[in-house]
Amino acid sequence: MTAPGNVRGAAATPSAEKPVVGRSTQVFAHLGLILFSALATLPTLLIIMNSFKDRLSIFSHPFALPTPSTFTLDGYHTVATSANFALFFLNSLTVTVGSLLLIVLTSSMAAFALSEYRFRLNTLTGLYLSIGIMVPIRLGTVGILNLMVDLHLVNTLWALILVYTAQGIPLAVFVLTSFMRGVPRDLKEAARIDGASEYRIYGLILPLIRPALGAVTAISMIPIWNDLWFPLILAPGEKTKTVVLGASAFLGQFVNDYNAVLAALTLAIVPVVILYVVFSRQLVSGITGGALK
Amino acid sequence: MTYPARRVRRPFPWHIVVFLAPAVLIYTVVMIYPILSSLWLSLRGQVPGSPEHFVGLANYQRLLGTELYAQPLWNAVRNNVVFFALHMLVQNPVGLLLAVLLSFRLRGSALYRTLLFTPTVLSVVIIGFAWKLILNPAWGVQRSLLEPLHLGALDQPWLGLPGSALPTLGLISVWQNIGIPMLLFLAALVRIPEELYEAARLDGAGGWRIFRSIQLPLILPTVGIVSVLTFVGNFNAFDLIYSVQGALAGPNFASDILGTLFYRTFFGYQLQAGDPYMGAAVAGVMLLIILTGLLLYLVTVQRRLTEVEL
């Protein structure tokens with residue numbers, strides 16, 4: 001286990017120090033990295049770029065940038081008039097933010113109890129919660145659907161929020177517990193002597209582990225935003241569709257309208273990429289610091 | 001034995017219960033209970049007109065013993081093994097290579113890392129459609145890339161041919177997910193103490209030597225974890241194949257894996273009605289495969305690693 005500070009520093013600035021290898025190896029390494037970076041990004045750029053071109057030049061010159069004579073927003077127009085993308089975005093946002101809030105709140109509370117108190121079922125509870133890190137929640141789909149039918153939650157966003165919260169809790173508790181163990185004892189003891197209640201102490205700890213909370217948020221966010229399985233099964237209704245499900249349905253319907261398909265793909269790609277760039281630091285430290293132990 | 005006097009001094013720690021309850025409750029009700037109830041459902045059945053009842057392992061017998069179910073099941077298992085092998089042979093070694101290159105602390109490493117991880121944050125569905133367009137002979141992206149290289153013969157409808165559909169989908173998945181092993185390997189690599197590199201530099205060791213003698217031995221535990229994550233992820237995959245090839249995992253079930261088979265068995269498709277009991281049984285088989293894999297890892301690899309450490 002590594003101390004929280006160490007993880008952050010290490011993951012954020014591996015390139016700050018002197019290169020490990022000699023000059024010629026460095027040149028080869030750069031070449032390799034440039035090649036793979038191009039491979040990783042070009043397909044996405046190709047989609048975004050062509051979404052702004054008229055149909056003729058999409059087919060005749062797929063690799064050309066849009067010029068004033070080939071520029072068009074036709075595809076976006078089709079998307080705006082035939083699919084309810086604004087609503088789908090709102091649904092995805094509600095589900096993602098709702099689940100993340102619940103994950104962070106419930107997991108930080110549980111992690112606080114597991115790291116702070118010695119009680120009889122401590123280890124067992126920790127083990128019980130960590131089963132979910134390895135066993136995919138998808139295998140319980142049949143049971144989840146029956147449960148949501150019984151609770152009358154099918155085709156509501158609550159069904160998705162609950163499932164993603166349950167899915168996110170195991171890893172979040174695991175990561176947060178190890179971070180909370182790193183918080184100095186003196187601080188909590190001082191607060192106790194001042195007569196602070198246990199709930200107050202939990203409230204005092206939270207701001208101290210903010211980087212860990214950020215990391216947990218970032219790693220939990222991607223699978224929730226990107227999921228297709230549960231929206232397809234639990235909330236396929238027109239009013240509860242998420243972006244991914246909405247895009248999937250739209251793409252299936254407009255297969256041959258390249259302008260519309262490329263525009264829909266772009267609309268689904270760009271927000272996530274922006275989020276990723278904003279959160280990429282937390283994301284990297286979350287994956288590298290959390291999933292590894 | 002209880003000591004009443006003591007109990008008065010130390011009241012029941014309600015705050016621990018309050019702290020643990022929300023997480024444990026949501027997790028138990030929405031994850032553990034449904035998985036168990038799915039397994040329970042897989043042991044039950046229903047004849048039209050009569051109530052649901054316990055049938056023991058009859059559903060599993062049907063799954064493994066009748067042509068209608070066994071043939072697709074084994075096809076899906078086989079495809080899933082191929083899918084997994086492709087990730088182990090391409091995704092993880094290349095991910096390791098990229099992590100090692102990033103660990104050399106070159107100028108611009110952070111930018112490379114961000115770019116290389118971008119496909120991983122995008123939705124599988126979106127990636128699937130993007131590649132479906134790119135590989136579509138109607139668009140011609142492939143042709144205009146291959147013809148200048150005199151590789152026109154490679155311009156084939158890769159997703160539409162039974163022999164190449166599954167490997168193509170596997171490679172798309174590799175392309176998207178390579179960021180995960182890369183980051184996990186990188187995390188292990190940046191923890192290697194500076195002194196070791198210092199010593200290697202003094203000895204005049206090159207990149208390959210540093211990798212062989214310092215980096216590889218020190219990140220072996222991560223290799224194990226990455227393999228397990230790949231295994232669980234692959235045997236649970238669904239989204240990519242569903243969004244590219246549909247629920248029928250075409251052409252002619254050539255790309256059918258356990259996830260798509262599970263979906264079809266439970267919800268049904270054009271030719272076959274959905275069956276919750278058989279669906280639950282397929283999930284049961286998937287759970288069994290995943291647990292077996294995890295257990296094998298724990299008793300073989302993990303144990304050997306701890307022995308080495310001791």
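## Salt bridges

At 11% relative accessibility, K241(A) counts as buried. Buried means under 20% relative accessible area, exposed over 50%, and partly exposed in between (1.4 Å probe, protein chains only). The model is predicted: local features need pLDDT of at least 70, side-chain atom pairs count only at pLDDT 80 or more, and totals for chains, interfaces and linings use all residues. Residues are numbered from 1 along each chain as its sequence is written, chains are lettered from A and ligands numbered from 1 in the order in which they are written, and side-chain values use heavy atoms, with hydrogens and water left out.

K241(A) pairs with E238(A) in a salt bridge, with the closest N and O atoms 2.8 Å apart. A salt bridge here is a side-chain nitrogen of Lys or Arg within 4 Å of a carboxyl oxygen of Asp or Glu. E238(A) is partly exposed, at 48% relative accessibility. Over all chains, a search of the whole structure finds 15 salt bridges.

E116(A) and R192(A) form a salt bridge, and their closest N and O atoms are 2.8 Å apart. E116(A) lies in helix 5 (residues 85–116) of chain A and R192(A) in helix 9 (residues 185–193) of chain A, so the pair ties together parts that are 76 residues apart in sequence. Helices (H or I, at least four residues) and strands (E, at least two) are DSSP runs, numbered from the N terminus. E116(A) is buried, with a relative accessible area of 8%. R192(A) is partly exposed, at 23%.

R192(A) also meets E198(A) in a salt bridge (2.8 Å, N to O). E198(A) is buried, at 17% relative accessibility.

## Domains and core

Chain A splits into domain 1 (4–50) and domain 2 (74–292). These bounds come from an automatic or database domain assignment. The two domain centres, taken over C-alpha atoms, are 28 Å apart.

The largest nonpolar core has 187 residues. Such a core is a set of buried Ala, Val, Leu, Ile, Met, Phe, Trp, Tyr and Cys residues joined through side-chain atoms within 4.5 Å. Residues with the most contacts inside this core include F85(A), M148(A) and W139(B). Helix 8 (residues 157–181) of chain A gives the largest share, 15 residues. Both domains of chain A contribute residues, so the core lies between them.

Beyond its neighbours within four places in sequence, W139(B) is in contact (heavy atoms within 4.5 Å) with residues including L46(A), N50(A), Y258(A), L262(A) and L133(B).

## UniProt annotation

An unreviewed UniProt entry places "domain: ABC transmembrane type-1" on residues 89–279 of chain A. UniProt positions are given in the numbering used here, feature names are shortened, and annotations may be inferred rather than shown by experiment. Residues 89–279 of chain A are 78% helix and 0% strand, with end C-alpha atoms 19 Å apart.

The unreviewed entry also lists "transmembrane region" spans in chain A, among them 85–114 and 157–180. Residues 85–114 of chain A are 100% helix and 0% strand, with end C-alpha atoms 42 Å apart. Residues 157–180 of chain A are also 100% helix and 0% strand, and their end C-alpha atoms lie 32 Å apart.

Most residues other than glycine have a negative phi. R105(B), not a glycine, has a positive phi near 60°. R105(B) sits in the loop between helix 4 (67–103) and helix 5 (109–121) of chain B. R105(B) is buried, at 9% relative accessibility.

N252(B) is not a glycine either, and has a positive phi of about 50°. N252(B) is in the loop between helix 13 (239–245) and helix 14 (258–267) of chain B. At 69% relative accessibility, N252(B) counts as exposed.
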